[in-house]
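User: Please take a close look at one packing contact here. Then set it against the rest of the model.

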Amino acid sequence: MTLPANPLTIVLLILIVPLFGALLSGIDRRITARSQGRIGPPLLQPLYDIIKLLRKEPLLTNRAQVVYAHLHLAFMVLAMLLLVFGKDSLMFLFVFAFSTLSLVLGGMCVRSPYSRIGSQREIILMVAYEPILILLMVGFYMANNHSFQLSAPMMSPVPMLLVLPLLFVAFLVVLAIKLQKSPFDVATSHHAHQEIVKGITIEYSGPYLAILELAHFYELALLFFFIVLFWSSPIWVGILLASFSFFLMTVVDNLFARLTTHWTFKFMWTSALGLAVTNILWLYWASK
Amino acid sequence: MTNVQKFNKSPWVVHFNCNSCNGCDIEFLACLTPLYDLERFGILHVGNPKHADVLVVTGSVNHRNARVLRNVYDQMPDPKVVVAMGVCSSTGGIFADGYNVLGGIDKVLPVDVFVPGCPARPEAMIDGILKAAQILEAKHSGKTPLAMKTMLIRTPTLASAAAGQEKGASHA
Amino acid sequence: MQIQEALIAALVLGPILFGLLILTGVKGPARTGLIVLAALSTIGAGVALPVYTNLSNMVLPGVVTSLGSVLEPLMILIILTIGYRLKSWPVTIMALIQLAFCLAGFVWGHHGDTPDTLLVVDKLAMVMVMIVSVIGSLIALYAVGYMKNHEHHAPHTAASTNRFFTVLIVFLGLMNGLVLVDNMKWLAIFWEGTTLCSFFLIGYDGTTEAKASARRAITLNVLGGLAMSAGLFLAEHRFGSANLSEVMAKGPVTLLPIALLVLATMTKSAQMPFQSWLLGAMVAPTPVSALLHSSTMVKAGSYLILRLSPSLHDTPLAMMVAGAGAFTFVVTSALAIGQSNGKKVLAYSTIANLGLIVCCAGIGTPLAYAAGVTILIFHAISKALLFLCVGTIEQTIGSRDIEDMSGLLFKMPLTTNIAIIGMISMMMPPCGMLIGKWMAIESAARSAPLVLIPLVLGSALTIFFWAKWIGRITTASYHGKYTIESIDAWMRTVLTVIASGVIMASVFAMPIYVLVIKPMCLAACPGGAPGMEISILDNVVDYMGWPMLVVIGAIVLSLVAGTPLFKPSRLRLPYLCGENIDSDETSCAFRSIADAPVVTRLSSYYPPLFGEAKITAWGNPLAFLIIISLFGVLIK
């Protein structure tokens, strides 16, 4: 079920995937609005946003910002490709982490206190969820005949969700963080203000903000595909699982208020890590 | 809402309070609530001028905040429009004779839309922002007919408000 | 064979000779000339060794062994004298015990023929020789420029610069000798020699702080030396051989001397709970920190434990060693977050990476061995570069605190960019360090899942302090023209050369892996299923192929696309609610209520969570328990 890695497929993926990500984002905004008793924007609103941003004047604060924005996008696209073509899972993880890191460094390189605080909070969030993701990859490794390739869960006869349930739950918490949803939207929340005025992305405007938004679409699609991995045959179940997870994230976002980074760090390194480690341990002993 | 299609589909708004009694600000924030729901027009309330297209200003200009207002305006990327919300930002309002008040914000910025009212009603505000989005579209495409350069939004009377509420009810 | 002998003589004896020549007191251009000659000859010999010889083990005649028997007690006597002079009970007592072991060896030793001294000249030794020769010599050249400046500001208690260079260059010879010998007596001699060099160089400035740090360094290192002497004594008199390879070949019965050697490596590599000496050693001048305490001397410990790794395999000792390394890795990564002193951050990061190498040696599979060697090589280069950058920065701005490095990008563009290259090479995808870390995590997942968890936590923590530091030094507003700062020509040249080396090493990571590392680990490790291991090692090349090229392409393209599009009209001030103060270009100052500027300060060190005192309070006791367990598992 792995796609062949030829140039045509790559180009098609690069062109089509952000549209899917935009749709996911639009559906999320619509559901949020409806649950608050509002009407909400049209489903394709994120695309209108990007088109508008591209038409604006490019403003910057210093030279380095542009580089970081491009790196963020490039690494996110690469991570998406590594996932879809089923390459090494740890390499995928590192590329994905470095994409977020480029965003963080882009936030740090401007002399805005809001941006720096946002970057610092994002680093703490990264430190909070990285162990879970690495343990998830190790879980995949243990469940798939000791293969670190992402193509292994794609072709596995047993759905990963049944073998790695606790890791899936821990991953859902990580998903909430990556989607910038409450209670974890401390670094740069998606729509609302927060006490640090947009955090990391504050000094990006116009086309550069469009680059960051585009990267976020790729990220949304990437996370969606990643959840589909948990039940890859039949694939419609995986898609259903992913849709349900995203819906759950929206619901949680509307239920919770924002909590602090310290709480997030402690929560991830105790509860979520505990879930992940338990799952890994029972896999390890099962294989002995 | 008839002419939405022609407007710029996603005008992002930043709101700045110069010297206001907060009346207009409260009415503006009411626009974001489910009763009036600005987001269905694609309008996002961003806190940061660098992300915004529309600068909504309440309150009059005084010596202290003139340069701050100018600073915030300068940080917005082109194309941008300015909406003066309420009579204080249009002309100075009832504080116009105060010793510290310089007047409306047109003393400092080029204003595109004036929305009178004390406080301005949310419906008038929405109308003003949408008109501003229309001007935005025109500014971007380069044609700014004289008639669109500044527009005065009429505060709805009681009769038109009643008629408007019937129309509004069909959307909710 | 002749060429190899000549080269080895040049590598070991050459620097010692040059060092002694410098000791005669030449000054000025003559001294510089001697240093340059020493550097060039060492680099030349180091590079020529793998290129012009097939590396083969050598046997040296018995007279060398006899010489060793004389030098060893001599070294111990020197340490005893130092202990006496310092009035330090621990050092004196430990040196006396070492002397006792040595004399016991004489008394009960072989009275027959003198055994030969073996030299082991294989790929691992060659890698270390190249690191020591090339990087070490470059650092010595950097020191020429650095010490010129340092002399002006040095406290009056500092020793003479000639002695500094003597010890620095003699050290290179001692390190080369350390990695080439197989005979444990000579190993001990070189080991103690490096301890003495370190003691002198740390205490070079002569201030109270320097003297205290030197004292702590020699105490902990002599502890390691004592362990080594005990191990040597046991090996020679219970198992009959003083050559390491022969001892290792005897199998699991020799586990006790090997455990003692492991303890020696723990102290030399400043693993927990012995890490305090390396932290204190940061008071030394920067070339010392770069050479001894990041690239070479502490790598002697890593080298030894990698060499011991095959004999640890499948023994209970292996898991304890892996656990000790992983524990050090995660705890020192956390400690680095709470430090604002740049050199201390680098020190903790060094200890963390050494812990990672120790962990890989403990895991012992070919993939883990490959990971250990990869980290060894790439860490040596990158960390040396970073220390030299921090030294240059310190000399220019007068502070080594990270908080003072804000806005460095336009004060010192060249050094800052080189520092960014160094820091990025420590954690970014196509670079060797990340490949090594990735291999370490994969090997832990395959063979030792319990060790995996601290490794995973530690690598998450390392992102924290690197990102914070890079962010701090790249904060700058738009500046029309960057003027390249003026730093000493020696320092600038060496920085550029090593920076290019870092980039080249990462670009050629794959050929290095295929040509050097893979054959090394296949030869060294008793694999489980040899077929599987070869395919795993081959897969490393596959994983790296096109994604890495895309990554490098993306970086280059973004740099090209990013910079020329700048026009000053497109630049705006950052958003500070309209209250910007334009004149201040480095801090986030804004105009507050009374029209007065207020500077914002951000704390990113989290003392309650990551403070040094807090973490060492529980880290050191736990580490101590692990060290005791190292020996506990040997009791049957």
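Analyst: H5(C) and H16(C) are roughly parallel to each other, a label for angles under 35 degrees, with over 145 counted as roughly antiparallel, 65 to 115 as roughly perpendicular and the rest as oblique. The angle behind that is about 0°, and the axes lie 11 Å apart. Axes are lines fitted to C-alpha atoms, for helices over the stretch in contact, and angles run from 0 to 180 degrees between N-to-C directions. H5(C) spans residues 123-153 and H16(C) residues 366-397. Helices (H or I, at least four residues) and strands (E, at least two) are DSSP runs, numbered from the N terminus.

This is a predicted model, in which local features need pLDDT of at least 70 and side-chain atom pairs count only at pLDDT 80 or more, while totals for chains, interfaces and linings use all residues. Residues are numbered from 1 along each chain as its sequence is written, and chains are lettered from A and ligands numbered from 1 in the order in which they are written.

Now the residues of the pair. H5(C) brings C:Val127, C:Ile131, C:Ile135, C:Ile139, C:Tyr142, C:Tyr146 and C:Asn149. They meet residues of H16(C), including C:Val373, C:Ile377, C:Ala380, C:Leu388 and C:Gln395. A contact puts two C-beta atoms, placed from the backbone, within 7 Å. By class, this one has 12 nonpolar, 3 polar and no charged residues. Ala, Val, Leu, Ile, Met, Phe, Trp, Tyr, Cys and Pro are nonpolar; Asp, Glu, Lys and Arg are charged; the others, Gly among them, are polar.

The axes of H1(A) (residues 7-35) and H9(A) come within 7 Å and cross at roughly 85°. The two are therefore roughly perpendicular. In H1(A), A:Val17, A:Phe20, A:Gly21 and A:Leu24 are among the residues that meet H9(A). H9(A) answers with residues including A:Leu214, A:Phe217 and A:Phe224. That contact has 11 nonpolar, 2 polar and no charged residues.

Confidence comes next. pLDDT is the predictor's confidence in each residue, from 0 to 100. Chain A averages 87, with 97% of residues at 70 or above. H9(A), residues 207-228, has the highest mean among the elements of chain A, 93. H6(A), residues 151-154, has the lowest, 86.

Chain C also touches chain A: 50 of its residues contact 52 of chain A. H19(C), H20(C) and H23(C) each give two or more residues to that side of chain C. H20(C) gives the most, 14. The side divides into 34 nonpolar, 11 polar and 5 charged residues.

Chain B meets chain A through 18 residues, against 24 of chain A. Its side holds 4 nonpolar, 8 polar and 6 charged residues.

Inside chain B there are 6 helices and 8 strands. Of its 172 residues, 52% are buried: 20 or more other C-beta atoms, placed from the backbone, lie within 10 Å of a buried residue's own, 12 or fewer make it exposed, and in between it is partly exposed. Strand E3(B), residues 54-58, has 5 of 5 residues buried, so it is largely enclosed by the rest of the structure. B:Val54, B:Val56 and B:Thr58 point one way, B:Leu55 and B:Val57 the other.

E3(B) runs parallel to E1(B), residues 12-17, over 5 bridges. It also pairs in the parallel sense with E5(B), residues 81-85, over 5 bridges. Pairing needs at least two DSSP bridges. B:His15 stands opposite B:Val56, and B:Val57 opposite B:Ala84.
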